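The sequence and structure are shown first.

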Amino acid sequence: MEELQNSEIEATFTALVKQWREETFGISSTNQMPIHPAYQQIIGMGKPVIPLLLRELENKSGHWFWALKSISREDPVHPEYRGKVKEMTKAWLEWGNKEATGGR
């Protein structure tokens, strides 16, 4: 049962990411992207999408920081790295690895 639920979550997530990417293509304002309805629906999916967001972050883009912060209620990015996508991505991926291993 859980496997089916996970595949449904992943399918929904993938469809929303696709919609969000298509409908925000060409928008340069990083403040506008997270207010898109598909992005907000992704946030609304909650903690089960955190691993999917981290995978997207690792593979494609750094536009998932707002969603990760909203869902996890954490922010592993040091203040001096704000706005620096490479460093922000690294901080979130390290955070994700620690979460996956129980903080080790």
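## Salt bridges

D75 and K69 form a salt bridge through their side chains, with an N to O distance of 3.2 Å. The model is a predicted one. D75 is partly exposed because its relative accessibility is 27%, and K69 is likewise classed as partly exposed, at a relative accessible area of 42%.

The total number of salt bridges is seven.

| Pair | N to O distance |
|---|---|
| D75 and K69 | 3.2 Å |
| R55 and E10 | 2.9 Å |
| K90 and E94 | 3.6 Å |

The salt bridge between R55 and E10 connects distant parts of the chain, since R55 belongs to helix 3 and E10 to helix 1, 45 residues apart. R55 has a relative accessibility of 33% and therefore counts as partly exposed. E10, at 31%, also counts as partly exposed.

The pair K90 and E94 lies within helix 5, where the two residues are four apart and so are separated by about one helical turn. K90 is exposed, with a relative accessible area of 54%, whereas E94 is partly exposed at 39% relative accessibility.

In soluble globular proteins, nonpolar side chains tend to be buried together. In this model the largest nonpolar core comprises 26 residues, and those with the most contacts inside it are I42, V49, L53, W64 and W92. Two or more residues of this core come from each of helix 1 (2–24), helix 2 (37–44), helix 3 (50–59), helix 4 and helix 5. When neighbours within four places in sequence are left aside, V49 is in contact with I9, F13, I42 and I71.

## Contact of helix 4 with helix 5

Two packed helices are described by the angle between their axes and the distance between the axes. For helix 4 (residues 65–72) and helix 5 (residues 85–100), the axes come within 11 Å and cross at roughly 35 degrees. This crossing of helix 4 and helix 5 is left-handed. On the helix 4 side the residues in contact are F65, L68, K69 and S72, which meet V85, M88, T89, W92 and W95 of helix 5. By class, the residues of this contact comprise six nonpolar, two polar and one charged.

Conventions:
Residues are numbered from 1 along each chain as its sequence is written. This is a predicted model: local features need pLDDT of at least 70, side-chain atom pairs count only at pLDDT 80 or more; totals for chains, interfaces and linings use all residues. Side-chain values use heavy atoms; hydrogens and water are left out. Axes are lines fitted to C-alpha atoms, for helices over the stretch in contact, and angles run from 0 to 180 degrees between N-to-C directions. A crossing is left-handed if the near helix is turned anticlockwise from the far one by less than a right angle, and right-handed if clockwise. Contact means heavy atoms within 4.5 Å. Ala, Val, Leu, Ile, Met, Phe, Trp, Tyr, Cys and Pro count as nonpolar, Asp, Glu, Lys and Arg as charged, and the others, Gly among them, as polar. A nonpolar core is a set of buried Ala, Val, Leu, Ile, Met, Phe, Trp, Tyr and Cys residues joined through side-chain atoms within 4.5 Å. Buried means under 20% relative accessible area, exposed over 50%, partly exposed in between (1.4 Å probe, protein chains only). A salt bridge is a side-chain nitrogen of Lys or Arg within 4 Å of a carboxyl oxygen of Asp or Glu.
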